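Let's walk through this structure together, starting with the overall outline and then moving in to a few side chains.

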Amino acid sequence: MLEAEFWVAVAFVIFVGVLGYFGVHKLLVKGIDERRDRIRTELDEARRLKAEAEALLASYRRKQHEAEQEAQAIVASAKTEAERLATEAEAKIEEFVGRRTKMAESKIAQAEAQALADVRSAAAEAAVAAAETILTRTVKNKVADDLITKGIADLKGKLN
């Protein structure tokens with residue numbers, strides 16, 4: 001009898017013959033060709049997408065550059081505006097301090113005048129009180145009556 005390897009070889013040849021008869025090799029070649037075409041299409045699509053992405057990246061880089069330039073212009077404008085506002089604020093502060101100083105000097109002058117008037121008033125009151133005390137102790141009877149009469153006459157003269 002024949003050995004097992006022989007029968008395996010015969011079965012393999014028959015199997016390959018059946019595959020050839022039904023055209024399996026053509027189906028395999030057709031499947032490989034379809035896959036090749038599909039891969040080629042995907043590669044073409046990938047190249048197209050890459051070109052679009054590069055164009056989009058270049059566009060965004062241009063926009064970024066323009067935005068950076070605009071930001072630098074805004075910063076420069078803001079610095080200029082800040083310096084102008086600082087100068088104006090300094091002038092307003094100097095004006096405010098000047099007005100406050102003048103108001104303080106005016107209040108001080110008024111306070112000095114009021115204090116001087118209060119001191120004079122207190123001195124006059126003290127002098128009147130002292131004069132009254134001295135006169136009540138030293139002047140009596142007829143001299144007191146004469147002084148009262150003279151004071152009334154002087155008062156009448158001043159009122160008329």
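Helices and strands here are DSSP runs, numbered from the N terminus: a helix is a run of H or I with at least four residues, and a strand is a run of E with at least two. By that count the protein has three helices and zero strands, so its pattern along the sequence reads α-α-α. Keep in mind that this is a predicted model, where local features need pLDDT of at least 70, side-chain atom pairs count only at pLDDT 80 or more, and totals for chains, interfaces and linings use all residues. Residues are numbered from 1 along each chain as its sequence is written, and side-chain values use heavy atoms, with hydrogens and water left out.

Now for the outline. The C-alpha trace spans about 190 × 45 × 25 Å along its principal axes. The radius of gyration, taken over C-alpha atoms, is compared with a globule rule of 2.2 Å times the number of residues to the power 0.38. For a compact globule of 160 residues that would come out near 15 Å, but the protein has 61 Å.

What about the surface? A residue is called buried under 20% relative accessible area, exposed over 50%, and partly exposed in between (1.4 Å probe, protein chains only). On that scale, 2% of the 160 residues count as buried. The protein exposes about 14,600 Å², and carbon and sulfur atoms supply 64% of that area; the areas come from the Shrake-Rupley method with a 1.4 Å probe, and for residues only the protein chains shown count as cover.

On to pairing between side chains. Side chains of opposite charge can pair when their charged atoms come close. A salt bridge here is a side-chain nitrogen of Lys or Arg within 4 Å of a carboxyl oxygen of Asp or Glu, and the structure holds nine of them.

Which residues are linked in a network of salt bridges? They are Asp33, Arg36, Asp37 and Arg40. Within this group, Asp37 meets Arg36 at 3.5 Å, N to O, and Asp37 also pairs with Arg40, with the closest N and O atoms 3.8 Å apart. Arg40 and Asp37 are three residues apart in helix H2 (residues 24–138), so about one helical turn separates them. Asp37 is partly exposed at 35% relative accessibility, as is Arg36 at 43%, and Arg40 is partly exposed too, at 45%.

Further along helix H2, Arg48 and Glu45 are also three residues apart, about one turn of the helix. They form a salt bridge whose closest N and O atoms are 2.3 Å apart. Both ends are partly exposed, Arg48 at 39% and Glu45 at 35%.

Finally, look at a nonpolar patch. Patches are made of residues with over 30% relative accessible area and no salt bridge, joining like charges within 9 Å and nonpolar side chains (Val, Leu, Ile, Met, Phe, Trp, Tyr) within 5 Å. Phe12, Val13, Phe15 and Val16 make up such a patch on the surface, with about 420 Å² of accessible area together. Val16 sits in helix H1 (residues 4–22) and is partly exposed, with a relative accessible area of 41%.
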